[in-house]
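This report goes through the packing, strand pairing and aromatic contacts of one protein model. The structure is shown first.

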Amino acid sequence: MSKIAIITDSNSGVTQSQAEELGIFVVPMPFMINNEEFFEDINLTQEQFYAKLGEDASVSTSQPTPDSLMTLWDKVLKEYDQIIYIPMSSGLSGSCQSAYMIAQEEYEGKVFVVDNQRISVTQRQSALDAKAMADAGYSAEEIVKVLMDTKFESSIYIMLDTLYYLKKGGRITPAAAALGTLLRLKPVLQIQGEKLDAFAKARTSSQGKNIMINAIKADIENRFGGMEAKDFHIACAYTQDLDLANDWKKELEEAFPGFDIHMDPLSLSVACHIGPGALAVTVTKKVHV
């Protein structure tokens with residue numbers, strides 16, 4: 001039986017220390033801040049990142065270099081026969097495509113790159129599912145098939161506290177941002193599959209939270225077999241404000257009693273486009289091993 005390693009990237013929210021505990025590997029995502037390169041959870045903490053964002057620094061995401069990926073893969077392949085690599089969704093970054101090309105050209109049959117359109121806590125869940133399958137004796141091809149067959153069985157809803165960063169990144173027009181700010185709108189975005197899209201506009205935070213909870217409930221009823229089946233994971237995420245996030249988690253536990261709701265900071269690759277004070281909730285169909 002092949003010994004299979006699971007690798008994801010730091011967009012999953014899995015820290016380097018958590019990765020060790022879980023028995024997986026995490027590629028740190030690179031960032032350019034005022035033309036200086038940093039690596040998430042290596043020499044760039046969440047606190048440092050938001051401090052730079054607050055100073056209006058020039059912050060942009062980058063992707064792992066082919067050399068850094070190959071160095072890690074070579075190191076891991078000394079201990080393992082094969083690798084399943086689960087990077088962030090190709091709809092949100094080009095890093096997935098680059099990794100896929102390197103794997104095809106240099107590591108055929110050894111490294112399998114899975115583009116199952118996940119990010120943050122849903123990407124973390126994919127890594128955990130892959131690890132459980134590897135531990136249960138699934139082949140690399142079988143793990144890839146399950147992850148790809150279930151790639152659209154997940155939803156993320158995110159409520160923003162500010163439109164400033166969407167405007168700064170050119171994702172909405174200055175006029176739309178100005179109007180939204182004037183009306184104090186709280187936009188709710190969604191990730192269904194590849195892209196980050198508009199979902200709804202709320203006038204208050206509490207309205208925005210209700211919109212997200214109702215959207216998750218609708219997904220559960222319409223796509224995931226209904227509440228009674230309990231055949232799904234619910235998780236939540238946030239940017240910067242932990243107190244706000246803890247209150248949000250409590251609200252979700254009341255809305256979905258009996259569920260163990262995991263919470264992580266949103267990945268910095270998403271945070272640099274949406275800014276601090278955002279709240280998110282996700283639902284992901286369970287993978288049965």
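The sections below cover the basis of the values, the strands, the nonpolar cores and the aromatic pairs.

## Basis of the values

The model is predicted: local features need pLDDT of at least 70, side-chain atom pairs count only at pLDDT 80 or more, and totals for chains, interfaces and linings use all residues. Residues are numbered from 1 along each chain as its sequence is written, and side-chain values use heavy atoms, with hydrogens and water left out.

Helices (H or I, at least four residues) and strands (E, at least two) are DSSP runs, numbered from the N terminus.

Strand 1 (residues 4-9) has 6 of its 6 residues buried, so it is largely enclosed by the rest of the structure. Buried means under 20% relative accessible area, exposed over 50%, and partly exposed in between (1.4 Å probe, protein chains only). I4, I6 and T8 point one way from strand 1, while A5, I7 and D9 point the other way, and all are buried.

Two strands pair if DSSP finds at least two bridges between them. Strand 1 runs parallel to strand 6 (residues 82-86), with 5 bridges joining them, and I7 stands opposite Y85 in strand 6. Strand 1 also runs parallel to strand 2 (residues 25-27), through 3 bridges; there the bridge partner of I7 is F25. From strand 1 the chain crosses through helix 1 (residues 16-22) to strand 2, in a right-handed β-α-β crossover. Right-handed means that, with the strands pointing away from the viewer, the path from the first strand over the helix to the second runs clockwise.

An open sheet of 3 strands has the order 4-3-5, with antiparallel pairing. Its edge strands, strand 4 (36-39) and strand 5 (59-61), each pair on one side only.

## Nonpolar cores

A nonpolar core is a set of buried Ala, Val, Leu, Ile, Met, Phe, Trp, Tyr and Cys residues joined through side-chain atoms within 4.5 Å. The largest one here has 29 residues, and F31, F49, V59, I158 and I274 have the most contacts inside it. Helix 11 gives the largest share, 5 residues.

Not counting residues up to four places away in sequence, F49 touches F31, L44, V59, L268, A271 and C272, where contact means heavy atoms within 4.5 Å. Another core, of 26 residues, lies apart from the largest one and includes I220, I234, Y238 and V283.

## Aromatic pairs

Rings of Phe, Tyr and Trp (its six-membered ring) pair if their centres lie within 6.5 Å; planes under 30 degrees apart count as stacked, over 60 as edge-to-face and the rest as tilted. A search of the whole structure finds 8 aromatic pairs. One of them is F25 with Y80, edge-to-face at 5.9 Å centre to centre and 90 degrees between the planes. These two are 55 residues apart, with F25 in strand 2 and Y80 in the loop between helix 3 (66-76) and strand 6. F25 is partly exposed, with a relative accessible area of 25%, whereas Y80 counts as buried at 16%.

F31 and F49 form another edge-to-face pair, at 5.8 Å centre to centre and 65 degrees between the planes. This pair links strand 3 and helix 2 across 18 residues. F31 is buried at 0% relative accessible area, and F49 is likewise buried at 0%. F31, F49 and Y50 form one aromatic cluster.
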